[in-house]
Number of protein chains: 2
Amino acid sequence: MLKTENSQKPHDRMAAYLAEDLQAVNDLIRTRMASEHAPRIPEVTAHLVEAGGKRLRPMLTLAAAHLCGYEGGYHIHLAATVEFIHTATLLHDDVVDESGQRRGRPTANLLWDNKSSVLVGDYLFSRSFQLMVETGSLRVLDILSNASATIAEGEVLQLTASQDLATTEAIYLQVVRGKTAALFSAATEVGGVIAEAPVAHVQALYDYGDALGIAFQIVDDLLDFQGDAGAIGKNIGDDFRERKLTMPLIKAVARADTEERAFWMRTIEKGRQSEGDLDTALDLLHKHGALRDTAAQARDWAARAKSALAPLPDHKIKGMLSDLADYVVERIT
Amino acid sequence: MLKTENSQKPHDRMAAYLAEDLQAVNDLIRTRMASEHAPRIPEVTAHLVEAGGKRLRPMLTLAAAHLCGYEGGYHIHLAATVEFIHTATLLHDDVVDESGQRRGRPTANLLWDNKSSVLVGDYLFSRSFQLMVETGSLRVLDILSNASATIAEGEVLQLTASQDLATTEAIYLQVVRGKTAALFSAATEVGGVIAEAPVAHVQALYDYGDALGIAFQIVDDLLDFQGDAGAIGKNIGDDFRERKLTMPLIKAVARADTEERAFWMRTIEKGRQSEGDLDTALDLLHKHGALRDTAAQARDWAARAKSALAPLPDHKIKGMLSDLADYVVERIT
């Protein structure tokens, strides 16, 4: 029994531990997704919300609340809030990226259209807003409204930074904090806040979520160059084709000689790509150790996430959160 | 002096009366629109927020707060909130699918692109959310989160109702309440709520905003068939070409004989339109008195808006709000 439990992935162990809460979150999501007047809404969202998403973000909220000894019921609302914000972001991301695949399935905007993706995303945003208002906690509202602004700002920054070889690692980090880490850190923080945890514990939860989110996104960007398309649900080299300056590319560009720089200028800034360019890009990434160094940075952020947990009380969940940080970077080893 | 004042439009008289507040709202909008990290944001919003918008919705909030004797400063936040939500909605409305090009005035997404319209709209939504959290009023947050959900639902409903001849006047009214009246009524209601006005006054403000918003949208839909293209900033017949079932069309379809019904089936449901079809549509609208009856309904909603004001205290602004309701329908006489 113990052996089986330990052989499970940390994410699955946490899901098993939080099974009852997760069921309540799923029920709340289904109820609040429904629209009496606009039946297209669940049509569009069902395939995203129901499609076996890992529910990582809502689980972080539930875990943080439990870790801080919360005994009320509003952590369910907050977990659903976080998942709605995440889903709305995916829907809007599908419009902007013109990507063909999400979680291994065709994106909403191929099955429906851009307009539905935008408007149904807006609907989920406003639903999430209603859910958090129901908690009656102005601190929670403050945290989540700030997170929403940071997410939107990060997405716009990414838009302006892409195709621009002058993008630095500092700008990349700002984008990543916006598009990914802001929701991770808000998810853990509000779990502590709703439990009325001491300031030091809330700060620890924020720091954990922030570092975990950054590690998670760096790994994602790394896997775009070395992952298994079947396993990650998207194609190798998508970011290269979309001319996104992610960490591996930023490192390779910084280390490029004149000829290599001309290659990056043509493929990324000017967007003139032809067959074989992805292979050349991969060769350059390997030559300059860009993938290796990016992986090291991801591991560093995972380690920071683990250290952040130190001030938090002993709890079964604390170990699971620590293992989760390891697991996020295990995907690249 | 008095004569000059009375010869002004009600909207301009109100703007003159609220000039100091409106200046504060404009300053707050400019400050909060700015993004340190993403300079594209004010680039995209400036042409919407700065371009001589009538500021009708924020003015309603300011007017309601003054009418209820509010002496604090949060009505400025709420007025900016309402304008941000309105602008975000316009940006998202401008997102088009390749198959459905918009005609008329240049939209943000022609000047920039779909990506910017979606993400900058999201940014404004989250900024509006931050602004209302700053007021510290959970009732205000409740009203505005509900309004946001109603707006999004109305927009999705409009999407599914368009091109569908089965659309009834009841569905049309639901769409209009969502896409237009929900923000009008929330704008007036929160003005009363922040002033801690008695329940009956808050209800009166809600009812006024609701009826005014409905009248406003019906007039807009009517002008699409009979307006002066220069004055309304879009072309006659846009809704017909986009196959939108607005009040005048719904009435004409309901009164159609077999042959006319075939015409509507072809042009609206199947979308096979050719030269001269708009003229035929206009003839049918006139023949069945659809424009005349739609105008009567708009006037009826404007009258309801004026009656709704009855319970409110005597105040210079009360007369201006009443005149504003008249003015909204004057555009069609």
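When I say contact today, I mean heavy atoms within 4.5 Å. Okay, some ground rules. This is a predicted model, where local features need pLDDT of at least 70 and side-chain atom pairs count only at pLDDT 80 or more, while totals for chains, interfaces and linings use all residues. Residues are numbered from 1 along each chain as its sequence is written, chains are lettered from A and ligands numbered from 1 in the order in which they are written, and side-chain values use heavy atoms, with hydrogens and water left out.

Let's start with chain A. It has 18 helices and 2 strands; those are DSSP runs, H or I of at least four residues for helices and E of at least two for strands, numbered from the N terminus. Chain A has 333 residues, and 59% of them count as buried. Buried here is under 20% relative accessible area, exposed is over 50%, and partly exposed is in between, using a 1.4 Å probe and protein chains only. If you take the contacts in chain A with a separation of 6 or more, 75% come from residues 24 or more positions apart.

Now the pair of chains. Rotate chain A by 180°, with 0.1 Å of shift along the axis, and chain A lands on chain B with an RMSD of 0.1 Å.

How much area is buried between chain A and chain B? About 3,900 Å², and carbon and sulfur atoms give 71% of that. Buried area is the accessible area, again with a 1.4 Å probe, that two parts lose on being put together, summed over both. On the chain A side, A:Lys115, A:Phe129 and A:Glu153 lose the most, together 16% of what that side buries. The contact takes 41 residues from chain A and 43 residues from chain B.

What about salt bridges across that interface? The rule finds 0, a salt bridge being a side-chain nitrogen of Lys or Arg within 4 Å of a carboxyl oxygen of Asp or Glu. It does find 5 residue pairs in polar contact, both at pLDDT 80 or more. A polar contact is a pair of N or O atoms within 3.5 Å; within protein, one must be able to donate a hydrogen and the other to accept it, and residues adjacent in sequence count only if both atoms are side-chain atoms. As for which helix of chain A gives the most to this side, that's H9(A), with 15 residues.

Over to chain B, and B:Thr89 in helix H6 (residues 74–93). B:Thr89 counts as buried because its relative accessibility is 15%. A polar atom of its side chain lies 2.7 Å from the backbone oxygen of B:Ile85. Beyond neighbours within four places in sequence, B:Thr89 is in contact with B:Phe125, B:Ile151 and B:Glu155.

Last stop, B:Lys318, in helix H18 of chain B. Why is this lysine counted as buried? Because B:Lys318 has 15% relative accessibility. Its side chain reaches the backbone oxygen of B:Leu309 at 3.5 Å, and one of its polar atoms lies 2.6 Å from the backbone oxygen of B:Leu312. The buried residues of H18(B) pack against helices H2 (10–17), H5 (56–67), H11 (199–226) and H17 (290–308) of chain B.

How values were computed:
Copies are superposed by least squares on the C-alpha atoms of residues with pLDDT of at least 70 in both.
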